[in-house]
Protein chains: 2
Amino acid sequence: VSKLIEPRTLRGFRDYPPELMIPRERLMEAARKTFRSYGFAPIDTPAIELTEILLAKVEDGAEIHKQLYRFKDAGDRDVALRFDLTVPLARFVSQHFTTLGMPFRRYHLGTVWRGESPQAGRYREFMQCDFDTIGTLSPAADTEIALVIHDLLIALGFERFRIHVNNRQVLNGLLTGLGLADKTTALLRSLDKLAKIGRDGVSDEMMREAGVTAEQALQVIALAETRGSNAEVLEQLRERFADSDAGRQGVAVLEGMCDTFRTAGIPEERLQVDLAICRGLDYYTGTVYETFLSDLPSIGSICSGGRYDNLTGRYTKQALPGVGASLGLDRLLAAMEQLKLLEGTTTPAPVLITQFVPERIGDYQRVARMLRAEGIGCEVYPDAKKLGAQFQYAEKRGFKAALIAGPDEFARGEWKIKNLSERSEQSVTEASLATELRVLLGNNA
Amino acid sequence: VSKLIEPRTLRGFRDYPPELMIPRERLMEAARKTFRSYGFAPIDTPAIELTEILLAKVEDGAEIHKQLYRFKDAGDRDVALRFDLTVPLARFVSQHFTTLGMPFRRYHLGTVWRGESPQAGRYREFMQCDFDTIGTLSPAADTEIALVIHDLLIALGFERFRIHVNNRQVLNGLLTGLGLADKTTALLRSLDKLAKIGRDGVSDEMMREAGVTAEQALQVIALAETRGSNAEVLEQLRERFADSDAGRQGVAVLEGMCDTFRTAGIPEERLQVDLAICRGLDYYTGTVYETFLSDLPSIGSICSGGRYDNLTGRYTKQALPGVGASLGLDRLLAAMEQLKLLEGTTTPAPVLITQFVPERIGDYQRVARMLRAEGIGCEVYPDAKKLGAQFQYAEKRGFKAALIAGPDEFARGEWKIKNLSERSEQSVTEASLATELRVLLGNNA
C-alpha cells in the first residue's frame, strides 16, 4: 500500500462547502436574473490568456506583475491566468465588435487569480461579477447602470442602501477652477481615501504627493464635502460651471440620473450625488459609482464602477466607450451574513423523507417526485437506518421538515410530517401533503 | 502611440459570446435546480491544486501527464490546473468528511483544463457538471442517480431518451462463469467499444489484448448483446447467478432500480438494463450508467457515471464509497441545437423599448421597470437614434417585440407594440401593456 497523501488546498485558496456555496449560488442567480431583465447578456472568456494581452494596459512597475499566475504552456507561449474581467472584456469586444453589434450589454461572472499575500479575508482565487454597456456615450446608459445596481440590491433583499454618484468631468472642472488642473491624478488618488484616512490624512498626502499648499488641499476637501440634497448640490454645481462646457456636461449626466430615478418612483435617499466619490482607478472618464449599505457602511462599497472611454485602445482603433460596475460578491455575502439575510439557506432542499420500510423505497421516491413537481425540494434518506439517526442527520443539516411513513401509514395512505424547528408532528393524507408542507415551510419551500 | 496588440485567444480556447452563453446558462440553471430539488448541494474547489494531489491516482504513463497545465507558483510549489472534478471531489471529501457528515450529496459545475491537441469540437478548457452521493452503499443511492438523470433531461425539454444501466459485479460474474475472471479489465475495455467499432473490431481486440480465443470473445459479446425487456434480462441473470453472491447482489441493484422507476410511474422505455454498457474507467465497482437521446443516438452518451468504492483511498483510510454521474454539457448543447430545442433564446430580455423622445428617458425606464416587476425582461435602447436604426438593432439581436412611445402616445397615455416576427403593430394603454405583451410572448416572456 502506498503512503497516504495529505488532502489539502494551497495557501490562499479555499474550498466552498455547501454552507458557503448555497448562499453564493443564490446571490449569483439573483444577479443573473436582474442583469438579464435589463437585456444584459452573459459572456465568458478563457481563464488563460497570452501575458502580452493581459498586461497590455498595465504599467511597468505595477503591483499586478508580481501577483500574476504566469507560466510557459506546452507550446512555450508566455501565458497567465486572468487577474480581472475588465481586461478580457476589452480584448473580447475589440476582437468581436463587428459581430456583436453596438450597443453591447454584457455581464460576466468569473473566477480570477492574483497571487497576493493572503491576509484575513483575502484569497488568491475569487469570483468577480461585472456588468457593462459598451459602444454608447449616451447618459441614459450611465443612468441604467445605477438602476441595475438598485434593482440588484432590492432583488437580494436589501432596502436600506445608498448609491453614491459623481462625475470625473465635474471633479476635473472643480480642480481647474482652483488652478490645480495639472495635479488632478495625484489629488484624486488622495481624495479617494477620504473615508478611510480622514481629512488630515488626505491633506498631508495631497501636500506630499501633489505638492499643493495646505490651503489648496483644504479647498479641494471642502468641495468634495459639499453637502445637501441632490437638487441643492446640482444647483451649486450649475452656478460654478457657468463657463465650463466639460463641467456642465458632467452635471447634466448627474441631473439626468436623478430625474430618471425620480420618474421611476425610487425613494430619493437611494441615490446621492457625492463629490467625494472619485474611485482610485485612472481609467474612469465620466460617471463614477459606489454603493453603501446604510446598516453596515463600514464594509465599504459593495458595488462600484464608472464610465471609461478608452478601455480598448491597446487592441483596436475602433472607439468603444463603456460604462459599468462590479458587484463585490464576497463582501456582500459577508454583509448578508451579518445582517441575517441568509437564514433558511442551509439545505438545498427543505424536506427530508426518512426511510423506514426499505421495500417501499419506490414509494418514498414516488412521493418525493410528486412534491418536487409541486416545487417542494426533498431529499430521500438513502439508508434504512434507525429513525433516530436519520433525525440526527436532519437536524445537523438544518432541514425544516421530515416525513415518515411506516407500515401503519402505508396501510392508511397517510404520512407523518415532523416540524423540525417546533418539534411537533401531524398526520396527513398523501393528497394533502404538498399543501400542508407549503404551510409549514412558508417562504422556505 | 504604442503599437496595437492583436486581440486573440490561445489555440484550443474559445470565447463564449451571448449566443453560446445564453443557452449554456439556461441549461446550467435547469441542472442546478434539479440537483437541489433532490437535496444535492453545490460545492466548489480551487482551480489550482498541488500536482501531487491531482496525480495521486494517475498511473505513470497515463495520457493526462502530458495534458496537464502544470507550473511552479511564486512559492516554487509544483502546482497544476484541475483536469476533472472527480479528483478534487475525492480530495475534498477526504479532507472534510467529519464536518460534512455522511451521506453527502454534492453537485459541482466547474471549468477544467486539458492540453489536448485541439480537434473539431475539442477544447483545452471546458465545463464539467458532476453530481455524486458519497458515504453510502445503499442501492437506493444508485437508483436516485438514475432518477436525477431522468428528471434533469425532462427539465431540459427532452422526452425521448433512454438511460442504459448495468453493473460491474454482473459483468464480473458473467466473465467468471466463462472462466475469464483474470482477463476482466482488458475484456471490458474492449467491450466498451462495441457501439463504436462493432462486433468484429471488439472480437479482434479481445483476442489481441486479452489473449482469448475467437470463441471466447464471441461468447462475451453474445452475453453483452442479451436483448429483451428488463424483466426478461433480469430473469436470465437470476438463473445464471443461482450460485454467485456477488452476481446476485449486482442483479438485485438493477432490480431495485427497475422497481422504483415503475412505482414512480416513469415510462418503461426510459430505463434499460443493457449488459453491453461497461464504461472505460477502471474505478467503477457496481452500477454504471449511460444515457442516449432516441432522436440523436449518434452523439453518444450525454450523461454517464457509476458506483465507485475506493475513490478516496490515496488520501484517507476512511471508507468513502460513492455513486454519481456527469452531464456532458457541450454534447447536450450541440444536441439541443440540432433538435431545435434552443429556439427563443437569442436575447436575454425579449422586449426592446425604443427611445424616441430623449427627454422622456425617465418614463421609458419607469415602464421598463414596471414590466420587469411583472416578470417581462426588457431592454431600453440607450440612444435616441432614428427608429429605423433601432428596429434594425432589434431584428439583428432577435427581440420578439419593440415598444414605441412618441409625443402622441405620451399625450394619450398609450404605447405602440410592434410584433417583430409578424411585423404587425397595435396601440394599447399603459395599464394593459403587460397583459398584451404576455399574450404576444407566450413562453418567451
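Biologist: How far apart are the mean positions of the positive and negative charges of chain A?

Modeller: The mean positions of the 56 positive and 61 negative charges of chain A lie 4 Å apart. Lys and Arg count as positive and Asp and Glu as negative, while His and the chain ends are not counted; each charge is placed at NZ of Lys, CZ of Arg, CG of Asp or CD of Glu. This is a predicted model, in which local features need pLDDT of at least 70, side-chain atom pairs count only at pLDDT 80 or more, and totals for chains, interfaces and linings use all residues. Residues are numbered from 1 along each chain as its sequence is written, chains are lettered from A and ligands numbered from 1 in the order in which they are written, and side-chain values use heavy atoms, with hydrogens and water left out.

Biologist: Why is F126(A) called buried?

Modeller: Buried means under 20% relative accessible area (1.4 Å probe, protein chains only). F126(A) has a relative accessible area of 18%, and is therefore buried. In chain A, buried residues make up 58% of the 445 residues.

Biologist: Which residues does F126(A) contact, leaving aside its neighbours within four places in sequence?

Modeller: Contact means heavy atoms within 4.5 Å. With those neighbours left aside, F126(A) is in contact with G110(A), T111(A), V112(A), R114(A) and D330(A).

Biologist: Where in the secondary structure is F126(A) found?

Modeller: F126(A) belongs to strand β6, residues 125–134 of chain A. Strands (E, at least two residues) and helices (H or I, at least four) are DSSP runs, numbered from the N terminus. Chain A has 16 helices and 16 strands.

Conventions: Buried means under 20% relative accessible area, exposed over 50%, partly exposed in between (1.4 Å probe, protein chains only).
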